Amino acid sequence: MKAVKLILNYIKYYFVSVGRHGLQSSFMYNLNEFVWRRDRKDADQEKIEKYRQSLLSDNTIVSVRDFGAGFGGKVYKQLPISFIAKRSSKPPKYARMLFRLSKYLKPQYILEVGTSVGISALYQAKGSPAAQVITLEGCDQTASLARKGFAQFPELNIEVIEGEFSLTLPQAISKMPRLDFVYLDGNHKLKPTLEYFEMCLAKVHDDTVIIVDDINWSEEMQEAWKEISSHPRVTISIDVFMMGLVFFNKGFSKEKFVVRY
Ligand SMILES: C[S@@+](CC[C@H](N)C(=O)[O-])C[C@H]1O[C@@H](n2cnc3c(N)ncnc32)[C@H](O)[C@@H]1O
């Protein structure tokens, strides 16, 4: 039933969205040129994909905390690493979008809420290799897999903070002088998503982008996106179906875009 709803949402999105050539403002034009224009693969991305492949072929069983089950992540499941990597990591198309967005915006401070095995953190960090990256994960086993992966990229500065987001997010925010690039990809429910967004507002500035994942995944996430994109501090918002991007530049007038990607 959920899959059918998702397909119907996608069909609606497809017809409402603007093709990548119909975009107006120079800001949107540049994003189109540098971020959405279909990609060329490069060596950086290939190396991350090799890491992904190594996880996808690893059937070692690990004990992971299941936050989706509720009970504050106190339920554990025995799962093969291959399953975790496949189920929770951003697929290459959207991971590459994060890479190009990071490469274009050149953030110095990147914060990710939801590490899993580290694929999307690597893409964001590779896009802006001088950035300080903090990524948050509640499951110790998953976090330790991510750390092992990050060790293969010693040129990047990625720190994993373990624990429940409601505790680790304020901690991470206080460690950064400002937030340039934020990716919310964990605990996809209305209330926590809005809370995480609100917490981040303390350190956003004119050039910050906040990316909210899975905005069409459920009615709760659609509602969360509606509220976030309408927030008085948000100027431009962009719905690319699997994710939503919000910008805060006060020089922009408020506009909501739905872009076909
Ligand atoms: C969708 S995955 C992140 C995927 C990752 N961004 C990627 O694309 O490579 C979300 C992660 O958030 C963690 N998580 C979910 N709810 C949490 C919570 N309330 N506190 C801490 N971690 C949580 C889960 O354990 C899971 O690994």
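The model is a predicted one, where local features need pLDDT of at least 70, side-chain atom pairs count only at pLDDT 80 or more, and totals for chains, interfaces and linings use all residues. Residues are numbered from 1 along each chain as its sequence is written.

**Exercise 1: the overall picture**

Find how many helices and strands the protein has, and how compact the protein is for its length.

*Solution.* Start with the elements: the protein has 10 helices and 10 strands. Helices (H or I, at least four residues) and strands (E, at least two) are DSSP runs, numbered from the N terminus. The radius of gyration is 18 Å, close to the 18 Å from the globule rule for 261 residues, so the protein is as compact as a globular protein of that length. This radius is taken over C-alpha atoms, and the rule is 2.2 Å times the number of residues to the power 0.38. Next, take the box: along the principal axes, the C-alpha atoms fill roughly 50 × 40 × 35 Å. Finally, look at burial: 39% of the 261 residues count as buried. A residue is buried if 20 or more other C-beta atoms lie within 10 Å of its own, exposed if 12 or fewer, and partly exposed in between, with C-beta atoms placed from the backbone.

**Exercise 2: the shell around the ligand**

Which residues come nearest to the ligand, and how does the shell divide into nonpolar, polar and charged?

*Solution.* First, the shell: there are 19 residues around the ligand, and Phe-67, Gly-114, Ser-120, Gly-138 and Gly-186 come nearest. A residue is near a molecule or strand if its C-beta atom, placed from the backbone, lies within 6 Å of it. Then sort the shell: four residues are nonpolar, 11 are polar and four are charged. In this sorting, Ala, Val, Leu, Ile, Met, Phe, Trp, Tyr, Cys and Pro count as nonpolar, Asp, Glu, Lys and Arg as charged, and the others, Gly among them, as polar.

**Exercise 3: the largest nonpolar core**

Find the residues that touch the most other members of the largest nonpolar core, then follow the contacts of Val-182.

*Solution.* Begin with a general idea: in soluble globular proteins, nonpolar side chains tend to be buried together. Here the largest nonpolar core has 66 residues, and Val-182, Leu-184, Ile-210, Ile-211 and Val-212 touch the most other members. A nonpolar core is a set of buried Ala, Val, Leu, Ile, Met, Phe, Trp, Tyr and Cys residues joined through C-beta atoms within 7 Å. Now follow Val-182: leaving aside neighbours within four places in sequence, Val-182 is in contact with Leu-111, Cys-200, Ile-210 and Ile-211. Two residues are in contact if their C-beta atoms, placed from the backbone, lie within 7 Å.

**Exercise 4: helices H7 and H6**

Where around the axis of H7 do the buried residues sit, and which residues of H6 are buried?

*Solution.* In H7, residues 140–150, the buried residues are Thr-142, Ala-143, Leu-145, Ala-146, Gly-149 and Phe-150. They cover an arc of only 160° around the axis (taken from the directions from the helix axis to the C-beta atoms), which puts them on the same side of H7. Among the elements that they pack against are helix H3 (43–56), helix H6 (119–127) and strand E4 (132–137). In H6, the buried residues are Ile-119, Ser-120, Ala-121, Leu-122, Tyr-123, Gln-124, Ala-125, Lys-126 and Gly-127. Nine of the nine residues of H6 are buried, so H6 is largely enclosed by the rest of the structure.

**Exercise 5: Ala-95**

*Solution.* Locate Ala-95 in helix H5, residues 92–105. Count neighbours: 20 other C-beta atoms lie within 10 Å, so Ala-95 is buried. Leaving aside neighbours within four places in sequence, the contacts of Ala-95 are Lys-90, Ile-119, Ser-120 and Tyr-123.

**Exercise 6: the loop between E7 and H10**

Compare Asp-214 and Asn-216, then find where Glu-219 lies.

*Solution.* Asp-214 is in the loop between strand E7 (209–213) and helix H10 (219–229), and Asn-216 is in the loop between E7 and H10. Asp-214 is buried, with 21 other C-beta atoms within 10 Å; Asn-216 is buried, with 21 as well. Asp-214 has a positive phi of about 55° although it is not a glycine. Asn-216 and Leu-6 are 210 residues apart in sequence and 7.0 Å apart in space, C-alpha to C-alpha. Glu-219 lies in helix H10 and is exposed, with 11 other C-beta atoms within 10 Å.
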